[in-house]
Amino acid sequence: MAPMPVLTRDEAQTRARLIDVHHYTVDLDLTRGPDTFDSRTAIRFTARTAGDTFVEVKPAELRTVTLDGQPLDPTAIEDNRLPLPGLAEGEHELVLDAGMRYSHTGEGMHRFTDPTDGETYVYTQLFMDDIQRVFAAFDQPDLKAVFDLTVTAPEDWTVLANGVTDHLGDGKWRATTTPLLSTYLVAVAAGPWHSIRTEHRGLPFGLHCRRSLAPHLDADADEILDVTRACYDRYHEKFDEPYPFDSYDQAFVPEFNAGAMENPGLVTFRDEFVYRSAVTDTERQLRAMVIAHEMAHMWFGDLVTLKWWDDIWLNESFAEYMGYQTLTEATRFKDTWVDFGISRKAWGYDADQRPSTHPVAPEDVPDTASALLNFDGISYAKGASALRQLVNWLGEKDFLAGINTHFERHKFGNATLADFIESLASGTDRDVHAWADTWLRTTGVDTLTGHVADSTEDSDGWTLTVDQQGSRPHRIAVGLYDRDPADSRSFTLRDRIDVDVPGEPRTFHGARPALIVPNDQDLTYAKVRLDAASREAALRGLSGIPDPLTRAVVWNTLRDMVRDGQLAPAAYLSAAKAHLPTETDLAIVQGVLTFAHTQVADRCTAPEDRPAALTLLTTLCEDLIRRTEDGSHPGLRLTAVRHLIDAAQYADVIRDWYDSGAVPGGPELDPELRWRILGRLSVLGAVDDAVIEAELAHDPSAVGQEGAARCHAALPDPQAKAAAWDALFTTDPERDLSNYLFTATAQGFWQPEQADLLRSYVPRYFTEATPLAERRGPAIAAAIGRYAFPEHAIDTETLRLGEQCLANDNPTPALRRRLADQLDDLARALNSRDIRES
């Protein structure tokens with residue numbers, strides 16, 4: 001099957017010169033059955049000159065097409081394009097009537113039936129080029145238009161859209177006319193929603209979820225709405241332009257591929273954010289950050305939209321930065337940058353050191369398939385880090401002034417990097433153009449190393465130089481820490497000095513500090529290396545550094561050193577065991593434990609050393625559980641329980657928890673913990689299909705279905721593995737797994753404990769992944785590369801097979817990118833296995 005054509009930048013520029021799109025009238029009928037829906041689209045547009053163009057649509061059946069009342073041949077469609085040859089200069093109306101397919105991969109119009117109660121829901125995800133799966137469009141971001149939308153749905157459904165919707169009777173709904181929008185931002189969500197409605201400053205606010213999740217949304221509605229209101233108010237303090245749409249709905253939808261999507265007036269979130277089991281406060285903070293991030297998009301992305309996908313950072317980097325910063329300023333979550341530093345920023349560092357790296361603002365994004373690959377840690381985390389450095393360098397006042405100029409100049413329009421830099425430059429004397437060239441047009445991570453020497457001018461002094469590998473200018477803080485005289489395991493801050501890199505050495509009187517931390521407070525984007533004395537001090541006393549953001553910088557340093565083959569994996573685990581029992585910041589505990597288990601123990605540690613690594617992690621988690629016996633740290637206790645389950649090498653303890661329904665001293669087992677334990681017991685071969693099916697009968701929810709799929713695939717049984725593989729790589733479209741069930745099955749399949757059993761599947765993966773990705777499209781291709789990849793087969797043969805696949809099999813762009821990243825991580829893991837603790 002040949003891949004579908006993608007829109008190129010040259011084609012988009014040519015079409016934008018030819019036509020100007022004014023208005024869409026879209027009528028959708030969702031009552032036509034479980035497989036397809038009807039879609040009728042009328043598009044009013046102007047041809048500036050006579051010429052040829054095309055409109056995109058991906059129908060199950062294209063019934064009729066008329067242009068200015070004259071019929072066109074529906075069979076002229078080729079792949080997803082209907083030619084419009086010989087357009088005359090002037091006004092035109094194009095009308096198309098089609099049947100469209102529902103999706104089960106989170107693309108286009110996704111349809112989901114809730115196994116809990118049998119209720120059905122649909123929602124759109126039209127990003128990049130998926131609007132064509134729902135209605136015909138001139139699908140590129142710089143052809144903004146006004147949209148009028150009507151939807152016919154079953155009588156007991158509610159229809160949500162970009163604006164306020166009115167029920168006209170007989171299941172028909174009409175949404176208010178939108179302002180100018182890019183096509184990818186149109187949104188519909190329909191079903192028997194459970195809704196909570198309120199107003200804030202005269203604006204309708206709404207929360208929506210599946211009926212089966214109603215009690216859980218009700219329990220958290222006050223928190224979600226408090227965050228929403230606080231961010232709304234804070235953005236209105238920052239931005240001169242008011243919120244540009246007529247309502248603000250937040251719909252938590254099933255089987256969503258991303259964290260959320262910034263559809264104007266109707267933000268869609270993955271409904272895992274409606275917590276049905278216990279979560280930590282850091283997880284609540286993450287949900288709040290996503291709310292803040294998506295609301296920032298109402299200005300960054302929706303009011304002012306990129307002209308082409310090379311400027312996706314103008315959407316994502318700004319929303320990421322504003323989300324974390326505004327949450328810190330406006331809500332109870334005051335340490336958001338710690339979580340950013342320990343989790344999101346590491347995502348950026350990893351992406352930027354792979355062969356697939358790209359600039360924050362790349363100059364060469366030739367088509368939509370290439371653009372889709374750039375939604376990664378660079379466009380989000382690196383870009384947000386660059387903006388944080390820009391604010392530190394420019395000053396927040398001038399930064400916000402430039403942003404407000406940008407909104408004023410380009411509201412309801414499209415803008416480029418050059419436009420944005422001009423807006424920033426208009427309010428400052430600093431050379432913002434040079435900053436953009438060095439920060440946004442280059443790749444890779446600079447490395448900053450603190451270098452200390454005795455002063456040649458003062459026998460009682462020392463000199464600090466921050467050496468740099470890389471070329472970007474940095475304005476950083478350097479933290480100088482002394483041993484606490486009352487507690488030798490702790491540090492006190494002597495001073496925090498501002499340093500420009502590159503810069504001249506700085507000389508100080510007195511004894512050198514015990515610990516010197518470049519990039520203290522994490523104000524720039526760079527790897528950090530400590531001088532020898534500081535590294536030794538940090539490994540001995542990391543938990544005694546007084547500021548959690550500084551501790552996050554040091555933990556990231558150790559993490560980078562493991563990935564770069566400069567620190568033995570065992571040394572990282574030893575540091576975790578020494579310092580996590582007294583760590584007070586939950587984000588750090590969660591981030592360090594996750595890296596220690598999933599990367600250090602499972603991948604960077606040789607198989608013969610892995611049992612000892614898991615024993616260390618189990619002992620560490622037991623220490624944390626003992627520390628929390630008084631009930632004072634429920635989030636820390638929950639984190640320790642989760643990770644103890646994941647690291648268990650023997651079934652007895654966690655099987656006792658499962659059978660009794662509780663961890664001694666708490667917590668009681670909620671659905672998440674029950675499925676987590678059952679997943680680990682499945683890996684260990686301590687349960688069978690009957691136990692899994694009994695748990696599914698107890699919890700037949702969508703999460704239960706995914707849990708059961710994960711457990712069945714994890715069983716160390718040849719028949720179970722064969723069945724899971726067949727489900728993943730089937731060639732029969734009638735048996736295709738949904739995006740979430742595919743991910744769950746793939747997560748269960750590969751287990752480091754089962755290397756011998758799985759050995760024959762490794763070459764099969766590289767043979768079968770490419771045709772499956774080509775058949776099922778970008779969303780499943782990304783899952784094939786991320787979750788179905790044999791990431792625990794850390795050996796040169798896997799590396800060879802992967803490189804051979806990339807060279808000879810022509811994988812789709814989404815799969816190729818994932819494979820390249822996986823192979824780079826595999827090579828790093830192989831290298832780290834050769835490092836021994838000194």
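Start at the second largest pocket, whose lining counts 12 nonpolar, five polar and nine charged residues. Nonpolar here covers Ala, Val, Leu, Ile, Met, Phe, Trp, Tyr, Cys and Pro, charged covers Asp, Glu, Lys and Arg, and the others, Gly among them, are polar. This is a predicted model, where local features need pLDDT of at least 70 and side-chain atom pairs pLDDT 80 or more, while totals for chains, interfaces and linings use all residues. Residues are numbered from 1 along each chain as its sequence is written, and side-chain values use heavy atoms, without hydrogens and water.

Select Pro607, Pro752, Ala755, His792 and Ala793: of the 26 lining residues, these lie nearest the pocket's centre. The space there comes to about 490 Å³. (A pocket is an open set of points on a 1 Å grid over the protein atoms alone, with protein on both sides within 12 Å along at least five of seven lines; a cavity is a set where a 1.4 Å probe fits but cannot get out; lining residues have an atom within 4 Å of a point. Points join across faces, edges and corners, and volume is the space filled by probe spheres set on them.) Now show helices H15 (610–627), H23 (755–758), H24 (761–776) and H26 (796–808), the elements giving two or more residues to this lining. Helices (H or I, at least four residues) and strands (E, at least two) are DSSP runs, numbered from the N terminus.

Pick Phe300, Leu314, Phe318, His406 and Phe420, which are among its lining residues. That lining has eight nonpolar residues, four polar and no charged.

Stay with H4 (313–330) and bring up H5 (336–352): they pack at about 145°, axes 8 Å apart. Axes are lines fitted to C-alpha atoms, for helices over the stretch in contact, and angles run from 0 to 180 degrees between N-to-C directions. On the H4 side, Tyr321 and Tyr324 are among the contact residues; on H5, look for Trp337 and Phe340, among others. Contact means heavy atoms within 4.5 Å.

Last stop: an open, mixed sheet of five strands in the order S15-S16-S17-S19-S18. Strands pair if DSSP finds at least two bridges between them. S15 (194–200) and S18 (260–261) each have a single partner strand, so one side of each lacks a neighbour in the sheet. Zoom in on S16 (203–209) and S17 (248–253), parallel and joined by four bridges, then find His208 opposite Ala251 in S17.
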